[in-house]
Amino acid sequence: MNIESNSFEASIDSLEPIRDFISEKAISAGLNKKKNYGLNLAIDEIATNIIRYGYPAVNISDGKITVIISVENNQLKVVLEDTALAFDPMQHLLPTDDDINKPLEERPIGGLGIMLARQNVDKFEYEFIEGKNRNIFINNIT
Amino acid sequence: MSFSITSEVTNSIAKLTLAGSLDSSSASQMQAEIQKVAGQSPTELVLYLSELTFMASAGLRMLVFAKQKLGTSVQIYLVKPQGQIVDTLQMTGIIHSVHIVDSYPS
C-alpha cells in the first residue's frame, strides 16, 4: 500500500492547493475524471466547513488540515484530519426534497455542501479519534 | 486553476464571464461583481461558464445571492456550463431555477 500525506494551513487559500494535491494522486492512481471531480467537490465542501466553522468555533487561528491518501485493493481512500470542533457530517440533516424544489430565492442554503460531499464519493465515513476529526472519502478505482 | 471574472451591463443585460475554480475562496470576487452590476438594475443575468472548471456550493450560494440581490423576476442564464457543474446543479435542484443554454442570445 502506498500512503502519502501533506499538511495545509486551515485557510480558504488552501482549498485549491488541497484539491490539486489530491487530484494529482487520484489521477495517477487511476481514478477517472468524473470521479476525481466528485472527490474534489466532496473534499472542498468538508474542508470549507472545517475552515469556516470548525476552527473558529474553538478559537483556533492556526489550525491545520492534514490530507492522507492511500490506495489499497483498487480503492482510493482520502482522509482529512483536523483538530477543530468535533463535527460529524453524517449526523447533519440534509435538505429535504421539498427544500430542493423550492424557488432559488427561498432555498435554505445550509446543508448543501454536506449533501454534495456525501453524494459525490462512493463511500463517506466519519470518526473522531484522539481529539481529531477524521473525514474519510473512499472511491473504487475500477 | 485560479479564478477570474469579468462583467459588463449592456441594454439592461448583465453579462458575467467566469473561468477557473469557483470555491469559497473565489466566491467573494463573484459577489463583488454581482453587487457591481446590481447598481445598474439589469433585467437579465447571463453567466458565461464554458471556462469554469470547478464549482463548489459557494458558487451555488452566489446564484441564490444574485436572485436575491437582482430581484426574483430577473432570469438567470448559464451559457455552456461543463458537464460536472450541470451535475451539481441537478443534484441540488438549482437547475430548476436557471436556464441552461448553448449561447446567449440564443
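Here is a chat about the sheets, helices and chain contact of a predicted model.

Trainee: What should I know before I start?
Mentor: This is a predicted model, where local features need pLDDT of at least 70, side-chain atom pairs count only at pLDDT 80 or more, and totals for chains, interfaces and linings use all residues. Residues are numbered from 1 along each chain as its sequence is written, while chains are lettered from A and ligands numbered from 1 in the order in which they are written.

Trainee: OK, chain A. In what order do the strands of the open sheet come?
Mentor: The order is E1-E2-E3-E5-E4, so 5 strands with antiparallel pairing. Helices (H or I, at least four residues) and strands (E, at least two) are DSSP runs, numbered from the N terminus. Two strands pair if DSSP finds at least two bridges between them.

Trainee: Which are the edge strands?
Mentor: Strand E1 (2-9) and strand E4 (123-129) of chain A, each pairing on one side only. From one strand to the next, the twist averages 20 degrees. Angles run from 0 to 180 degrees between N-to-C directions, and axes are lines fitted to C-alpha atoms, for helices over the stretch in contact.

Trainee: Which helix packs on that sheet?
Mentor: Helix H1 (residues 15-28) of chain A, touching E1, strand E2 (64-72) and E3 of chain A. The direction of H1 makes about 10 degrees with that of E2(A). Contact here is between residues whose C-beta atoms, placed from the backbone, lie within 7 Å.

Trainee: How many bridges join E3 to E5 in chain A?
Mentor: There are 8, between residues 75-82 and residues 132-140, and the two strands run antiparallel. A:Glu81 stands opposite A:Arg134 in E5(A).

Trainee: And how do H1(A) and H2(A) cross?
Mentor: Their axes come within 10 Å and cross at roughly 150 degrees. H1(A) passes H2(A) in a right-handed crossing; a crossing is left-handed if the near helix is turned anticlockwise from the far one by less than a right angle, and right-handed if clockwise. Residues making the contact include A:Ile18 and A:Ile22 of H1(A), plus A:Leu39 and A:Ile43 of H2(A). By class, that contact has 8 nonpolar, 4 polar and 2 charged residues. Ala, Val, Leu, Ile, Met, Phe, Trp, Tyr, Cys and Pro count as nonpolar, Asp, Glu, Lys and Arg as charged, and the others, Gly among them, as polar.

Trainee: Switching to chain B: which way do E3 and E4 run?
Mentor: Parallel, with 5 bridges joining strand E3 (residues 44-55) to strand E4 (residues 75-79) of chain B. B:Tyr48 has B:Val79 as its bridge partner in E4(B). The chain goes from E3(B) through helix H2 (residues 57-70) to E4(B), a right-handed β-α-β crossover. Right-handed here says that, with the strands pointing away from the viewer, the path from the first strand over the helix to the second runs clockwise.

Trainee: What does B:Val79 pair with in E5(B)?
Mentor: B:Val101 is the bridge partner.

Trainee: How do H1(B) and H2(B) pack?
Mentor: The angle is about 15 degrees, with the axes of helix H1 (residues 27-38) and H2(B) 10 Å apart. That makes H1(B) roughly parallel to H2(B); angles under 35 degrees count as roughly parallel, over 145 as roughly antiparallel, 65 to 115 as roughly perpendicular and the rest as oblique.

Trainee: Last one: how many residues does each chain give to the contact?
Mentor: Chain A gives 23 residues and chain B gives 22 residues. On the chain A side, H2(A) supplies the largest share, 8 residues.

How values were computed:
Contact = placed C-beta atoms within 7 Å.
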